[in-house]
Amino acid sequence: MAGKFSIRLTLSVVGVLVALGGTTTATAAAAPDDPVSWRVPATPAQAADLARAGFDVAETSPGVAYVVGNQAVAGQLRDRGYAPEFFDTVYKGVTTRAAGDTFYGGYRTVPAQEAHLAKVAAAHPDLATEYTLGESWLKTQGRGGHDINAICLTKKQDGDCTLSTTSPKPKFVVMAQIHAREISTGELAWRWIDYLADGYGTDATAKSILDTTEVWVVPISNPDGVDIVASGGNSPKLQRKNADTSNGNCGGTNSGIDLNRNSTFRWGADSNSPCAETYQGPEAGSEPEVQALEKLFRSIYPEQRGSGDNDPAPDTARGTMITLHSYGNDIIVPWGFTSDPAPNDAALRKLGAKFSDSNGYLVGTNTETVGYSTSGTTDDFTYGALGVASFTFEVGGQSGSCGGFLPRYSCVDSTFWPKNKGALITAAQSAAAPYQQ
């Protein structure tokens with residue numbers, strides 16, 4: 001969800017902190033243009049100002065903002081009177097170059113994810129239905145790009161896995177990589193699909209879920225952005241936004257629109273600077289990727305909540321949604337656009353606590369977790385417009401080989417999937433009555 005930070009060390013990590021003239025700097029055996037994570041002493045108001053000014057503020061903790069950038073960014077922070085200190089690397093020392101349709105040690109490219117959905121649908125026609133939801137920005141411009149693809153998994157009966165708000169089974173949606181550089185999340189979506197489809201015949205829990213529930217998965221919500229990330233190979237590019245270059249003159253990974261600030265519910269309180277990582281776009285729902293996602297949500301979930309911010313979803317409301325982000329080890333509940341609690345706050349926290357029983361993540365609002373407010377987010381839309389019990393998972397810690405935006409690929413199977421499998425199962429099992437847990 002946030003931006004994040006670190007540095008690829010071309011030699012061994014030195015990480016020597018040097019105080020020069022009262023300003024703390026970091027020196028390390030790294031190329032000057034490599035991104036690093038900087039720990040910046042700052043108040044919440046200062047952190048918000050840095051984000052509005054275009055700095056890639058990843059996360060905050062009391063008295064600290066974490067900013068992603070290279071040595072030049074650190075210099076810009078010092079010019080503003082801040083004292084950045086080196087915190088962690090971004091690139092985690094991957095040396096075995098992935099081949100073919102993988103990058104950075106094994107992470108799957110967009111074509112690989114597309115082929116996976118087609119393979120699962122072909123292998124399990126009684127369980128799986130593939131959907132094309134819309135097109136990426138580049139594809140709408142006739143410049144390559146991709147479709148936005150989803151898969152619906154259930155043991156099919158009449159009316160199942162159709163674009164209908166009145167179909168009989170409750171629905172659980174998992175979406176991943178709306179922020180392209182949060183690469184572990186697409187892998188979790190891949191494993192979730194395989195667990196259900198391949199496990200139906202052998203795993204009692206998987207069978208029970210698919211016998212009673214529709215599970216929808218959008219493994220790559222921002223395919224153009226993921227293409228940019230993957231183009232860096234073993235030095236992935238930290239593209240967060242989509243590939244829309246029609247606003248501003250930014251260049252590089254500063255171009256694009258933050259799709260998790262572009263949704264149509266309570267849009268408009270994030271950055272208006274086209275080069276900022278949280279640039280919300282020229283208007284609500286301007287991006288085709290967001291239009292495709294919102295069309296899906298409106299096609300499968302009925303409107304179950306009033307239009308007022310304080311109108312709760314009824315206890316009888318159905319449906320769950322998790323949008324996977326990284327990093328922070330957090331389970332975030334609505335609202336994002338305000339510090340006021342959502343009208344179903346207690347029930348959302350209660351269900352979030354059940355997820356945390358599996359992954360151990362902190363449950364709370366934006367303010368209580370990542371430390372900043374957001375507007376135009378996916379989970380505020382699905383909860384606010386439709387009454388769906390919605391959550392953001394921030395997968396992985398702040399630092400170390402399994403931390404940050406670009407964890408080692410081995411961390412997916414050693415850590416992220418074992419921790420989150422149970423949480424996803426709980427979300428699916430709760431889809432029929434999420435506010436009655």
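The following dialogue explains how several terms apply to this predicted model.

Guide: In this predicted model, local features need pLDDT of at least 70 and side-chain atom pairs count only at pLDDT 80 or more, whereas totals for chains, interfaces and linings use all residues. Residues are numbered from 1 along each chain as its sequence is written, and side-chain values use heavy atoms, with hydrogens and water left out.

Visitor: Why is T278 called buried?

Guide: Buried means under 20% relative accessible area, exposed over 50%, and partly exposed in between (1.4 Å probe, protein chains only). T278 has a relative accessible area of 16%, and is therefore buried.

Visitor: What is T278 in contact with?

Guide: Contact means heavy atoms within 4.5 Å. Leaving aside neighbours within four places in sequence, T278 is in contact with R240, D258, R261, D270 and S271.

Visitor: What makes a set of residues a nonpolar core?

Guide: Such a core consists of buried Ala, Val, Leu, Ile, Met, Phe, Trp, Tyr and Cys residues joined through side-chain atoms within 4.5 Å. The largest nonpolar core has 98 residues, of which L153, F172, W192 and F391 touch the most other members. Not counting residues up to four places away in sequence, W192 touches residues including F172, V174 and W417.

Visitor: How do you know that β11 and β13 pair?

Guide: Two strands pair if DSSP finds at least two bridges between them; strands (E, at least two residues) are DSSP runs, as are helices (H or I, at least four), numbered from the N terminus. Because 5 bridges join β11 (residues 171-176) to β13 (residues 320-325), these strands pair, and they run parallel. V174 has I322 in β13 as its bridge partner.
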